Amino acid sequence: MKLAIFGSGKIVQEFLPITQDLPEIEVKAILGTKRSQEKTEKIQAEYGIDASYTDIDECLKSDAFDTVYVAVPNHLHYSFARKALEAGKHVICEKPFTLKHAELLELEKIALEKDLVLVEAITNQYLKNYQGIKEASQNIGKLKIIECNYSQYSSRYDAFKEGTILPAFNPKMGGGALMDINIYNIHLVVGLLGKPQKVQYYANIEREIDTSGMLMLDYGDVKVVCIGAKDSEATIRSTIQGTEGSVVVNGPTNTLDSYTTESLSGEKATFDHKDHPHRMFDEFKLFSQVIADKDMSFVKQQLEHSKIVMEIVETAINDAGIVLG
């Protein structure tokens, strides 16, 4: 994979160090804004990236890369991914894929017409622990209740309360608790159960954005609550309950640090399967192989998953009366 990175923020700086452990990935270019040019050029020098750009159209003219990692603010995902696809580049897009379900459908149409890989970078779907959690969930009887709680007091919340609206809490930029951290919970649940029958979102709204909220997903015999909070904090864990036992996911749903199984008789066992300590390693290793093999069946399968997530998100946002973008 010859890669161009769109963005220079926190997630990019988290990703770049693992590229030394992924020799199949060559980072050929990085795109930032004119305002962040100094930072972008510093990143370029630190990681030996061939070129840096501040103009997306100029960047996409280059033949030095075949794939774009879209890691810009949420509200720019759709437009940047679309430009990359139209330029004939494969696209790995950070979560949330887009702000609207219809936007994802448009991206899918372009990608499939051009026979290009289009996937969402959503860590939990590709972690070894997630495969273990899925298997363990099939051995606890009939599923009844799932509760996911990813609550982490945001370092930006105090400034937000005082009137400084940073991207994480800006509705026009696709901010808020649902789109930031609760979306990991949604992906975990959709990977287990697929599309729910009913969606409701009970959100705490300040300055027109959800600072925390409870997402209710009804699967008929299985009831799910996904809690995401940026205005308060609690022990971060998820619990999957069945008629014969439970599975507890220890830590956030974007890292899946480990998981513990417990039977009705009280027998407990904790598991941790990792190929690499970094949460983004597995997904990018697989994406590189998918692009090398042009595995479009995998792409279509993952797009179906992402479309369900986007349907849930859109229904929830509308249910809470939030306007994004």
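Two strands count as paired if DSSP finds at least two bridges between them. In this predicted model, strand E1 (residues 2-6) and strand E2 (residues 26-31) meet that rule, with 5 bridges in the parallel sense. Alanine 4 has alanine 29 of E2 as its bridge partner.

The pair belongs to an open sheet of 6 strands. Its order is E3-E2-E1-E4-E5-E6, and the pairing is parallel. Strands E3 and E6 stand at the edges with a single partner strand each, so one side of each has no neighbour in the sheet. From one strand to the next, the twist averages 25 degrees.

| Strand | Residues |
|---|---|
| E1 | residues 2-6 |
| E2 | residues 26-31 |
| E3 | residues 51-53 |
| E6 | residues 118-121 |

Next, the nonpolar cores. The largest has 63 residues. Ile5, Phe6, Phe15, Tyr69, Val70 and Ile92 touch the most other members. Which residues does isoleucine 5 touch, leaving aside those up to four places away in sequence? They are Val12, Phe15, Leu16, Val27, Ala29, Ile30, Leu31 and Tyr69. Another core lies apart from the largest one and holds 43 residues, including Ile146, Val190, Leu215 and Ile317.

Helix H10 covers residues 296-320, 25 residues in total. At 1.5 Å a residue, H10 should span 36 Å. Glycine 321 follows H10, and its phi is positive, near 75 degrees.

Technical notes: Residues numbered from 1 in each chain as written. Predicted model: local features only at pLDDT ≥ 70, side-chain atom pairs only at ≥ 80, totals over all residues. Heavy atoms only, no water. Core = buried A, V, L, I, M, F, W, Y, C linked by side-chain atoms within 4.5 Å. Buried < 20%, exposed > 50% of the residue type's maximum accessible area, 1.4 Å probe, protein only. Contact = heavy atoms within 4.5 Å. Helix = DSSP H or I, 4+ residues; strand = E, 2+ residues; numbered from the N terminus. Expected span 1.5 Å × (residues − 1). Axes fitted to C-alpha atoms, helices over the stretch in contact; angles between N-to-C directions.
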